[in-house]
Amino acid sequence: MAASVQAIVDAGFGLSRYSRPELIPAQSAALTQVCNRTQVTLFQFAARVNPLYFSDQVDVALTSGAWSRPTNAEAVFRLEGRGAATTPNITGEVLVVPYDDRAALVGQPAVYRLGTRFFSAGNTGDPTAGELRIFYARRPAPLSTFASLTDAAFPDEFLPIFHYEIAAFNARADGGRDGELQEMVAERNRHIALFEQFLEHETLNETRRFGELRRFPVEQRAPLKALVQAGG
Amino acid sequence: MAFTVADVVLAARDLSPAYTPQRHPDAICWRFLTRYGRTLLGRIAQLRPSALPATVTTVPLPLGTFGSGVPVPDDLLLLSVSARPMARRDDSARVPVELLPAGQRLTRSTRLPWAVREGATVFLSGTAADWTAFDLLELRTVAMPATLANGAATVPLPDDALDVCAQQLGAFLASRVAQQPDGDKVSPRAAQDAADKAEATFLDRLTNQGRAEVITMRRVYS
């Protein structure tokens, strides 16, 4: 179940007895942006921790000599041929090779990336036309009005992250409200920690031939609580 | 039943969870198998050529330019050369052509036919007139294996070489893992030891405990 921005703002204002709901109409644009930035941040973090959770796939046709990255792609993690819909006929994975080493994997279908597009690597057997299927961790649709809904895939139990972010935003706007800002941030961080854990353990029974899923050259990542707006 | 490149890659990847397709793409495995396959076939050809299928190439006589010799197809080993006598059209009739070391060509004094190999060419002895009694030359070679360029390619080795190839590929991948800064705990030495043991066992079995075959080339002492 998605929540509207209106419902998030109402819940956030309800967390403090110092809140002044009469200011909501005047602050609607700013409050909507707080919700939008928070949601984008949560999806960006998820793309690094658990790329499959908020993921999608789309078939992209060759346009002007290349395949465009989906506009809502946060992280592309796999390309595949579409069988007869790809030229030449490719059914398995299409690898992405460096632009300056396009012959790295001759024999396996490959493309290289430049800008936001994928180009054929130019070796025999590489895709030259037709469609490619792109798998990617996606960004959410923007929250632009009070009627906008949070992403349907976002679990409701973590909506308090939004609520406490709104509350923290209000407390900061009021000069911190004698320590209330820190309390709201601390509570938001507790829900963020729960969300992080959820992303790490949401599917435990995937059996892999290879022990772990390593998609990043480094194992470090910024803690999510440091990425959201109210700090922490 | 022959095995394919994909069979080898699959078996090698099963050896360790560190041998991931992301870190070690198939194309890199194929290139290694091309190199290793040629090396192993070369060793088999050296020890027991009869374990390998022969490629037969026939060349009509007389040659266009006798002095240019007969080109040998890309091979690991030239097993034998024979000539068909003109008078006997029976296809089974062949006269063996002795292959001499190139250094012996000027000291050879015995009767025809004989030939020497230099590089990728077999030169027949004497002059064109000496070969007018023959209408066909037959070369039996162990062919150089083609490049293994995809997973569906058949590996030109006996079936029981699957484990050897997988172990050797595993050792190659282990050496790659060890070079990565955040490499998994894989011992390249242990992997190479296992691969070498598998190869030795395989060659022992194939060559009847290391007893090599004697093949055709004959030295002449005069």
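The model is predicted: local features need pLDDT of at least 70, side-chain atom pairs count only at pLDDT 80 or more, and totals for chains, interfaces and linings use all residues. Residues are numbered from 1 along each chain as written, chains are lettered from A, and side-chain values use heavy atoms, without hydrogens and water.

**Interface of A and B**

Contact means heavy atoms within 4.5 Å. Buried area is the accessible area (1.4 Å probe) lost on putting two parts together, summed over both.

| Item | Value |
|---|---|
| Chain A in contact with chain B | 13 residues |
| Chain B in contact with chain A | 18 residues |
| Area buried between A and B | about 1,100 Å² |
| Share on carbon and sulfur atoms | 48% |

Salt bridges (Lys or Arg side-chain nitrogen within 4 Å of an Asp or Glu carboxyl oxygen) between the two chains number zero. On chain A, the side touching chain B has seven nonpolar, three polar and three charged residues.

**Helix pair in chain B**

Helices α2 (residues 26-47) and α4 (residues 188-206) of chain B pack at about 35 degrees, their axes 10 Å apart. Axes are fitted to C-alpha atoms over the stretch in contact, and angles run from 0 to 180 degrees between N-to-C directions. Y36(B), L40(B), R43(B), I44(B) and L47(B) of α2(B) meet E199(B), F202(B), L203(B) and L206(B) of α4(B). By class, this contact has seven nonpolar, no polar and two charged residues.

**Salt bridge in chain A**

Over all chains, the structure holds 18 salt bridges. One of them joins D59(A) and R82(A), with the closest N and O atoms 3.2 Å apart. The pair links distant parts of the chain, 23 residues apart: D59(A) is in strand β1 (residues 55-61) and R82(A) in strand β3 (residues 73-87).

Terms used:
Ala, Val, Leu, Ile, Met, Phe, Trp, Tyr, Cys and Pro count as nonpolar, Asp, Glu, Lys and Arg as charged, and the others, Gly among them, as polar. Helices (H or I, at least four residues) and strands (E, at least two) are DSSP runs, numbered from the N terminus.
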